[in-house]
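Trainee: Hi, could you walk me through this one before I set up my calculations?
Mentor: Happy to, have a look first.

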Amino acid sequence: MHDIKMIRENPAAFDAAMARRGLSGISKAVLAIDSERRAAIAKAEAALTERNAASKQVGAAKASGDEAEFERLRALVGEKKAEIAALEEEAKAKDAELREMLMGLPNLPAGDVPDGADEDDNVEIKRWGTPRNFSFTPKEHYELAAVQDGMDFETAAKLSGSRFVVMSGAVARVHRALSQFMLDLHIDKHGLLETNVPVLVREEMMYGTGQLPKFGEDSYKTTDGWWLIPTAEVPLTNIVNGEVIEESTLPRRHVAHTLCFRSEAGSAGRDTSGMLRQHQFEKVEMVSVTHPDDSAAEHDAMTRRAEAVLEALDLPYRTVVLCTGDLGFGMKKTHDIEVWLPGQNMYREISSVSVAGDFQARRMNARFKPAGGGKPEFVHTLNGSGVAVGRCLIAVLENGQNEDGSVTLPAALHPYLGGKTGISAEGKLQ
């Protein structure tokens with residue numbers, strides 16, 4: 001959502017920013033609707049002034065016995081009443097049209113976001129760890145002997161269709177251990193507030209964080225109007241929906257572990273093997289709500305929190321800044337963290353950490369009351385995976401694999417597994 005006042009005052013700057021998103025001349029269409037809306041409001045206000053004046057004169061005409069003037073004024077009052085109703089309806093329709101247009105426009109990229117067409121133009125800003133030098137050809141996670149009995153795609157397909165998995169035994173326990181480890185790290189070391197949220201939300205919450213109206217096909221809607229969350233970003237961010245909070249309560253930093261649901265529309269044929277791209281998965285999600293002056297620093301801090309998960313698990317990764325062509329709809333700037341997967345011999349995304357500025361706050365009407373007084377201001381919102389649990393499991397399995405098909409697990413997980421240090425080739429914790 002964009003500030004219409006800013007567009008009126010700086011149409012060239014708005015168009016220049018939108019041009020970086022591949023959209024040209026947007027301000028002209030926006031301001032044309034805004035002009036029609038404001039004209040209808042002005043006409044309605046003028047008609048109201050005329051009606052009020054005529055209403056005052058009706059009584060005087062009646063008292064003076066001027067029946068003709070009385071009837072003229074009474075008719076005028078009726079005409080103006082109808083005219084006002086029509087103009088208010090026109091203004092209301094134009095307001096809805098303007099809101100719909102603004103809701104469909106992406107966020108303005110931050111000035112330091114690199115220009116580019118797609119993921120090939122993203123810019124690497126950090127690389128950590130050295131990919132392991134295997135003495136054998138590493139396998140992908142679903143090929144490992146250690147997971148053959150614990151990662152069942154055939155039964156999942158029988159139950160639910162493609163892109164689901166049934167996990168059991170050691171694999172299921174390591175998956176659970178990863179989520180617990182991530183939560184404890186973010187709560188105990190990073191100071192985030194553990195928050196348990198619903199996975200079903202009202203439609204207006206999806207509008208608030210920008211999944212609607214443009215991206216409804218990417219998520220699942222129930223027959224009674226609820227939406228299954230694509231990530232805990234939706235309920236966590238919308239906690240401040242419609243609120244005016246005290247500046248002293250900022251920043252607010254939440255973390256939640258939830259199931260997530262995505263239709264994966266448009267991804268047919270991509271990553272169909274294994275657990276990499278599924279309709280149902282788990283994530284540990286971080287959301288921050290900050291003062292506008294602090295959001296850039298918070299973005300960097302959130303990125304470090306996500307990176308710390310991978311470092312603690314000794315998983316090599318790289319961090320990139322997304323270019324304008326790869327930047328998400330509602331974000332000003334995004335850092336993608338990509339973990340090394342030896343089975344694919346490449347880095348794959350495991351976390352996106354993004355700052356939305358006031359884009360989501362305007363959609364949600366989420367504001368804070370300045371400590372020094374004055375008009376409430378919009379908060380800034382940020383979100384990031386800390387991290388995707390299933391993809392982290394893949395990385396742990398592939399990076400820890402041994403030639404005999406067993407897996408050596410990171411030391412950070414040992415306390416969550418009763419001291420067990422690996423998974424045998426037979427699929428047992430050992």
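Mentor: We can go through the ground rules, the core, the salt bridges, the surface and the backbone.

Trainee: What kind of model is this, and how are residues numbered?
Mentor: It is a predicted model, where local features need pLDDT of at least 70, side-chain atom pairs count only at pLDDT 80 or more, and totals for chains, interfaces and linings use all residues. Residues are numbered from 1 along each chain as its sequence is written, and side-chain values use heavy atoms, with hydrogens and water left out.

Trainee: Great. Which residues touch the most other members in the largest nonpolar core?
Mentor: Val 174, Leu 178, Met 182 and Ile 423 do, out of 48 residues in that core. Several elements each supply at least two residues, among them helix H6 (169–189), strand S10 (280–290), strand S16 (380–388) and helix H11 (389–399). H6 gives the most, with nine residues. A nonpolar core here is a set of buried Ala, Val, Leu, Ile, Met, Phe, Trp, Tyr and Cys residues joined through side-chain atoms within 4.5 Å. Helices (H or I, at least four residues) and strands (E, at least two) are DSSP runs, numbered from the N terminus.

Trainee: And how many residues of H11 are buried?
Mentor: In H11, 11 of its 11 residues are buried. Those buried residues include Arg 391 and Glu 398 as well as Leu 393 and Ile 394. Buried means under 20% relative accessible area, exposed over 50%, and partly exposed in between, using a 1.4 Å probe and protein chains only.

Trainee: Switching to charges: how many salt bridges does a search of the whole structure find?
Mentor: It finds 25. A salt bridge is a side-chain nitrogen of Lys or Arg within 4 Å of a carboxyl oxygen of Asp or Glu.

Trainee: What other salt bridge does Asp 34 form?
Mentor: Asp 34 also meets Arg 37 in a salt bridge, at 2.8 Å, N to O. Both residues lie in helix H3, three residues apart, about one turn of the helix. An α-helix has 3.6 residues a turn, so residues three or four places apart point the same way. Arg 37 and Asp 34 are both buried.

Trainee: Which residues gather in the patch of negative charge on the surface?
Mentor: Asp 118, Glu 119, Asp 120 and Asp 121 do. Patches are made of residues with over 30% relative accessible area and no salt bridge, with like charges joined within 9 Å and nonpolar side chains (Val, Leu, Ile, Met, Phe, Trp, Tyr) within 5 Å.

Trainee: Where is Glu 119 found?
Mentor: Glu 119 is in the loop between helix H4 (67–103) and strand S1 (123–128). Glu 119 is exposed, with a relative accessible area of 57%.

Trainee: Now the backbone. Where are the cis peptide bonds?
Mentor: One joins Leu 250 and Pro 251, with omega about -5 degrees, and Pro 251 sits in the loop between S8 and strand S9 (252–261). Another joins Gly 386 and Val 387, with omega about 10 degrees; Val 387 is in strand S16.

Trainee: What about positive phi outside glycine?
Mentor: Asp 314 has phi near 55 degrees and lies in the loop between H9 and strand S11 (317–321). Asp 314 counts as exposed at 58% relative accessibility. Asn 365 also has a positive phi, about 55 degrees, in the loop between helix H10 (359–364) and strand S14 (367–369). Asn 365 is partly exposed, at 36%.

Methods:
Accessible areas come from the Shrake-Rupley method with a 1.4 Å probe; for residues, only the protein chains shown count as cover. Lys and Arg count as positive and Asp and Glu as negative; His and the chain ends are not counted. The place of a charge is taken as NZ of Lys, CZ of Arg, CG of Asp or CD of Glu.
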